[in-house]
Amino acid sequence: MGSDAYYSGCEYENYQPHFLDTCFLCHRTLSHNNDIFMYRGNTPFCSQECRQEQIEMDEASEKRFKLSSSKRSKSVRQISETDTKKAVRTGTVAVA
C-alpha cells in the first residue's frame with residue numbers, strides 16, 4: 001500500500017468503484033474527458049453502440065418474458081375452461 005493512500009484516508013481493501021468508472025457492457029474504463037452514454041437512470045456506457053446493444057438485449061428479454069407469461073396465462077385459462085365444461089346430471093334420486 002502506498003503512503004499517499006494511507007495519508008489520504010483511503011484504504012485499498014475497502015475501495016468501492018464508482019458506478020461511472022467503467023462501461024456497464026464492455027467494462028472499459030470511462031474517461032472523464034469523453035461523453036458517457038446513460039441508460040435507464042444510472043447505467044453508464046462508453047459509446048452509443050454499447051448502449052444500443054444493451055437496449056436490444058433488454059427488449060429481447062422483455063419480449064421473451066411477455067411471451068412466456070402469455071403462454072402461462074393461456075394454459076391456466078384452458079384448464080379452467082375444461083373444468084367448467086364437465087357434465088353435471090340433475091334430477092331426483094329415489095332410494096328404496
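View 1. With a relative accessibility of 52%, R40 counts as exposed, where exposed means over 50% relative accessible area, buried under 20% and partly exposed in between (1.4 Å probe, protein chains only). The model is a predicted one, in which local features need pLDDT of at least 70 and side-chain atom pairs count only at pLDDT 80 or more, while totals for chains, interfaces and linings use all residues. Residues are numbered from 1 along each chain as its sequence is written, and side-chain values use heavy atoms, with hydrogens and water left out. A search of the whole structure finds two salt bridges, a salt bridge being a side-chain nitrogen of Lys or Arg within 4 Å of a carboxyl oxygen of Asp or Glu. In one of them the side chains of D58 and R40 meet, at 3.9 Å from N to O. Because D58 lies in helix α2 and R40 in the loop between β1 and β2, this pair ties together parts that are 18 residues apart in sequence; helices (H or I, at least four residues) and strands (E, at least two) are DSSP runs, numbered from the N terminus. D58 has a relative accessible area of 16% and is therefore buried.

**View 2. R40 with E62.** R40 also forms a salt bridge with E62, and here the closest N and O atoms are 2.7 Å apart. Since R40 lies in the loop between β1 and β2 and E62 in helix α2, the pair ties together parts that are 22 residues apart in sequence. E62 is partly exposed, with a relative accessible area of 35%. Through salt bridges that share partners, R40, D58 and E62 are joined into one network.

View 3. The structure holds two aromatic pairs, counted where rings of Phe, Tyr and Trp (its six-membered ring) have centres within 6.5 Å, with planes under 30 degrees apart taken as stacked, over 60 as edge-to-face and the rest as tilted. F24 and F45 form an edge-to-face pair, 6.0 Å from centre to centre and with 75 degrees between the planes. This pair links distant parts of the chain, as F24 is in the loop between α1 and β1 and F45 is in strand β2 (residues 43–45), 21 residues apart. F24 counts as partly exposed at 46% relative accessibility, whereas F45 counts as buried at 0%. The rings of Y39 and F45 have centres 6.4 Å apart and planes at 55 degrees, so that pair is tilted. Together, F24, Y39 and F45 form one aromatic cluster.

**View 4. The largest nonpolar core.** Eight residues make up the largest nonpolar core, namely C23, L30, F37, Y39, F45, C46, C50 and I55; such a core is a set of buried Ala, Val, Leu, Ile, Met, Phe, Trp, Tyr and Cys residues joined through side-chain atoms within 4.5 Å. At least two residues of this core come from each of β1 and α2 (48–84). Leaving aside neighbours within four places in sequence, C23 is in contact with R28, L30, P44, F45, C46 and C50, where contact means heavy atoms within 4.5 Å.

**View 5. Q54 in helix α2.** Q54 has its place in helix α2 and, at 9% relative accessibility, counts as buried. Apart from neighbours within four places in sequence, Q54 is in contact with F24, L25, Y39 and F45.
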